[in-house]
Amino acid sequence: MTVRLVAVDEVVLEALVAVAVAASGPDESAPPVAGGGPGWTVERVEGLRAYHRARRSGLDGPAGEVTRAVTQDGVVLGAVRLEVVEPGPVLEVGLWLAGHARGRGIGAAALGLALEEARRFGAGEVVAETTMANHGAQAVLRRFGFELVEDPATAGVHARLVLGAAPGGG
């Protein structure tokens, strides 16, 4: 199994949109879109495309964020993002995988690659947000050494990792 993070050019973007539409709801894999309505509407699909296009300029661009497609053996299965949330920089990592790709180690491999990229960007810290119900995400975050703090009031979990010189996770 070869997992890679690849730039989201137009060809990869269309594969990413196709897997998102086929394997998830828009609230799971796409940013909110005003007037989008329920389900995968034309506005929501175009919003997903626009979101990824706007992040091509990287962390130094206007969005302060970069996205990469997660592939396994060349097949697009999801996306990972890194966003500047504080000077330093502190980066937030987010990961979405199609349902059929979960539970197979792809998310852990993608997170490891995202952390390597965060180090190359000079990040001193990486944070992530998940839910108390998402035990799989919590397990992967712990595996890489993230400190998790639950917020019962919101059912959210905030994760924080201070980056060292060596990659985490193994």
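Modeller: Keep in mind that this is a predicted model. Start with E117, which sits in helix α4.

Biologist: What makes the pairing of E117 and R68 a polar contact?

Modeller: Their side chains are joined at 2.9 Å. The cut-off for a pair of N or O atoms is 3.5 Å, so the pair falls within it.

Biologist: Which residues does E117 touch, leaving out those up to four places away in sequence?

Modeller: L5, V66, R68 and L82. Contact here means heavy atoms within 4.5 Å.

Biologist: How far is E117 from V90, in sequence and in space?

Modeller: They are 27 residues apart in sequence. C-alpha to C-alpha, the distance is 13 Å.

Biologist: Now the helix itself. How do you know what span to expect of α4?

Modeller: α4 has 15 residues. The expected span is 1.5 Å times one less than the number of residues. That gives 21 Å, and α4 reaches 21 Å from its first C-alpha to its last.

Biologist: Which residues of α4 are buried?

Modeller: I106, G107, A108, A110, L111, G112, A114, L115, E117 and A118. Just after the helix, G122 has a positive phi of about 85 degrees.

Biologist: How many cavities of 30 Å³ or more are there?

Modeller: One. The largest cavity holds about 40 Å³ of space.

Biologist: What makes a space a cavity and not a pocket?

Modeller: In a cavity a 1.4 Å probe fits but cannot get out, whereas a pocket is an open set.

Biologist: Which residues line the largest cavity?

Modeller: E117 is one of them, with L5, V66, T67, R68, V80, R81, L82 and A114. By class, five are nonpolar, one is polar and three are charged. β2, β3 and α4 each supply at least two of the lining residues.

Biologist: And what lines the largest pocket?

Modeller: The largest pocket has a volume of about 1000 Å³. Its lining has 41 residues, with A79, G94, L95, W96 and L97 nearest the centre. The largest share, six residues, comes from β4. By class, the lining has 22 nonpolar, eleven polar and eight charged residues.

Biologist: Move to α3. Why is H52 called buried?

Modeller: H52 lies in helix α3. Its relative accessibility is 4%, and buried means under 20%, so H52 counts as buried.

Biologist: What does the side chain of H52 make a polar contact with?

Modeller: The side chain of T67, at 2.9 Å. Leaving aside neighbours within four places in sequence, H52 is in contact with V8, L13, L16, T67 and A79.

Biologist: Which other elements do the buried residues of α3 pack against?

Modeller: α1, α2, β2 and β3. Those buried residues are R44, V45, G47, L48, R49, Y51 and H52.

Biologist: R55 is an arginine. How do you know that R55 is buried?

Modeller: R55 lies in the loop between α3 and β2. Its relative accessible area is 14%, and the cut-off is under 20%, so R55 counts as buried. Its side chain makes a polar contact of 2.9 Å with the side chain of E65. R55 also touches A63, V66 and T67.

Biologist: Last one, W40. Why is W40 called partly exposed?

Modeller: W40 is at 21% relative accessibility. Buried is under 20% and exposed is over 50%. The value lies in between, so W40 counts as partly exposed.

Biologist: Where is W40, and what does its side chain reach?

Modeller: W40 is in the loop between α2 and α3. Its side chain reaches the backbone oxygen of S24 at 2.8 Å. Residues touched by W40 include A20, V21, P26, V45 and L48.

Definitions and conventions. Residues numbered from 1 in each chain as written. Predicted model: local features only at pLDDT ≥ 70, side-chain atom pairs only at ≥ 80, totals over all residues. Heavy atoms only, no water. Helix = DSSP H or I, 4+ residues; strand = E, 2+ residues; numbered from the N terminus. Buried < 20%, exposed > 50% of the residue type's maximum accessible area, 1.4 Å probe, protein only. Polar contact = N/O pair within 3.5 Å; in protein donor to acceptor, adjacent residues only side chain to side chain. 1 Å grid on protein atoms, 1.4 Å probe; cavity = no way out; pocket = protein on both sides within 12 Å on 5 of 7 lines; lining within 4 Å. Points joined across faces, edges and corners; volume = space filled by probe spheres on them. Nonpolar A, V, L, I, M, F, W, Y, C, P; charged D, E, K, R; others polar.
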